[in-house]
Amino acid sequence: SGENKRRKRVFRDQDDKVIGGVCSGIASYFDFDPIWLRAAFAISFFVFGSGLILYIILCIIIPKAKTTAEKLEMRGEKIDVNNIGKVVNEEFEEFKKRMKDFGDEVGSKENKDRIKTSTQKALEFITDVFHNIFKIFGKIIAVFFVFVGIALMVGLLATIFGKGTISVFNSPVNNIHFSIYEFGAAVLPDGLPIPLIVIGLIMLIGVPVLSLIYTGIRHLFGIKQRSKIVKYTANTLWLCGVGILIYVGIQIAGDFSEESSSKQTIELVQPNSQVVYLNLKPSQEDDQDIRFYHHRRINFGNWTMISKDENNFKLGYPRMNIVPSENENFQLSIFKSANGYDKIDAAHRAKNIEYTVVQTDSTITFDSYFNVKTIDKLRAQEVSILLKVPVNKVIYLSKRMENILFDIDNLNDAVDNDMVSRRWIMTNQGLACIDCEGLEKTEKNNDMPFEAPKPPSPMEEHITKSNK
């Protein structure tokens, strides 16, 4: 009909609530001050203990006054345009007042000072936290510097004064070690005192190590000022160490200024056998995995230190090459090379290299290592083997020969490790494999130096008939 009758309902008043608006909603319905109802609920909660449960139940079953019409019904006012506009204006004025109060509070000087003070305190707190973290981290690094410096200094002094060694070759079979004095005796030229290199090493390595310890102690105990005397003294000593070692290096380099070689021809008895067997003298190392030791060695140029005694250094391995012979005879040449301060000195050292080759019938056995006299010092001594094989002659390479084979040309393009445990025939074009069969052949037992002879292949039969 368009007529709005006055209707009154119970709602929860959200505009005048303390917790859920239950008391203010009921007070609006019965038209009394909600404070008395709130007091009654408080007394029932603290005295009887049931007020909270009742309040929660009422909060659940009484709806909120969300719309303007519901708020008018809660107050028992007539729902018309005027009352709705009145409520909207009241809410808008209340909202405007709250925003104004909030703006005045935020814009006040006291609030600005409070915010500024709180921000400064927060920044100071964060700065202190990071400062303490970096301070602790710096202390840990300082302790690490001191510990590492002391360990390095102890190791340096122990090595220099004979209690420690430099490992040159370390394996379960052999342990080759050099002290600083032994290494100096093996490398330094005659007349150059070993203590000179010791002093140089102490200055070159010891001064930075001591500086590391000193820096760690300063940071550990918070010593900010650094002594200029300590700084200049350390720099001077270090530069002196560098100068000493440069002088020693120049003297050693002088003994490597010239290179010379000598040739030794081995007279071979020409074998009557169809196959000539090439073998490497057995050694303690050859009973182990060769590849393992290649990775564990420390090489000096093209050779490796194997062992040493008072009179000799045992070095290995020599390098072997196989080429066609110019005639019908097997020819074997040993080339020895060394460095020296002049050609005469280098040639003398080269001739003093000892290397052994033994022939027994159709077997030629090569030594695994070569010896250098300790009085000749270590001057890049090397040994190369050149074997010349006549055309149409066959050689067999034992398994141990892989240690001395060095980039041998062959018609099968086989690498050195694949050439062992097989027979090879010398042709006009070079070595050709007789029984490779794609190089998938199984490796022979190392305890068997040679494989049993096989029936001749068609190529061998043809060569035999041609020779006859």
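User: Leaving aside its neighbours within four places in sequence, which residues is R349 in contact with?

Analyst: Happy to start there, with the reminder that this is a predicted model. R349 is found in helix α11, and it is buried, with a relative accessible area of 8%. Leaving aside neighbours within four places in sequence, its contacts are D255, A338, N339, G340, D376, K377, R379 and Q381.

User: Which backbone oxygen does the side chain of R349 reach, and at what distance?

Analyst: D376 is among the residues in contact with R349. The side chain of R349 goes to a backbone atom there, the oxygen of D376, at 2.6 Å.

User: Is R379 buried or exposed?

Analyst: R379 is found in the loop between β12 (370-373) and β13. The cut-off for buried is under 20% relative accessible area. R379 has 0% relative accessibility, so it counts as buried.

User: Why are the buried residues of α11 on the same side of the helix?

Analyst: In α11 (residues 343-351), the buried residues are D345, A346, R349 and A350. They sit on the same side of α11 because the arc they cover around the axis is only 135°.

User: Which residues are exposed on the other side of α11, and what does the cover of its buried residues include?

Analyst: On the other side of α11, the exposed residues are I344 and K351. I344 also takes part in a contact at the start of the helix, where a side-chain oxygen of D342 comes to within 3.3 Å of the backbone nitrogen of I344. As for the buried residues of α11, what covers them includes β3 and β9.

User: How many bridges join β9 to β13?

Analyst: These strands, β9 (residues 331-340) and β13 (residues 382-389), run antiparallel. As an example of facing residues, S333 stands opposite L386 in β13. The number of bridges joining β9 to β13 is seven.

User: Which residues form the covered face of β12?

Analyst: β12 pairs with strand β7 (residues 312-316) in the antiparallel sense over four bridges, and the bridge partner of K314 in β12 is N371. N371 belongs with K373 to the uncovered face of β12. The covered face is formed by F370 and V372.

User: How many residues of strand β15 are buried?

Analyst: Both faces of β15 are covered, with R422, W424 and M426 on one side and R423 and I425 on the other. The strand (residues 422-426) is largely enclosed by the rest of the structure, because the buried count is five of the five residues.

User: Which residue in β16 is the bridge partner of W424?

Analyst: β15 runs antiparallel to strand β16 (residues 431-433), with three bridges joining them. The two form a hairpin with four residues between them, and G430 in the turn has a positive phi of about 135°. The partner of W424 in β16 is C433.

User: How many residues does the largest nonpolar core have?

Analyst: Nonpolar side chains tend to be buried together in soluble globular proteins. In this model, the residues with the most contacts inside the largest core are L278, M320, I322, F366, I395, M401 and W424. I322 touches L278, L387, V389, I395, L397, I408, M426 and L431, not counting residues up to four places away in sequence. The residue count of the largest nonpolar core is 53.

Note on methods: Residues are numbered from 1 along each chain as its sequence is written. This is a predicted model: local features need pLDDT of at least 70, side-chain atom pairs count only at pLDDT 80 or more; totals for chains, interfaces and linings use all residues. Side-chain values use heavy atoms; hydrogens and water are left out. Two strands pair if DSSP finds at least two bridges between them. A nonpolar core is a set of buried Ala, Val, Leu, Ile, Met, Phe, Trp, Tyr and Cys residues joined through side-chain atoms within 4.5 Å. Buried means under 20% relative accessible area, exposed over 50%, partly exposed in between (1.4 Å probe, protein chains only). Contact means heavy atoms within 4.5 Å. The arc is that of the directions from the helix axis to the C-beta atoms. A polar contact is a pair of N or O atoms within 3.5 Å; within protein, one must be able to donate a hydrogen and the other to accept it, and residues adjacent in sequence count only if both atoms are side-chain atoms.
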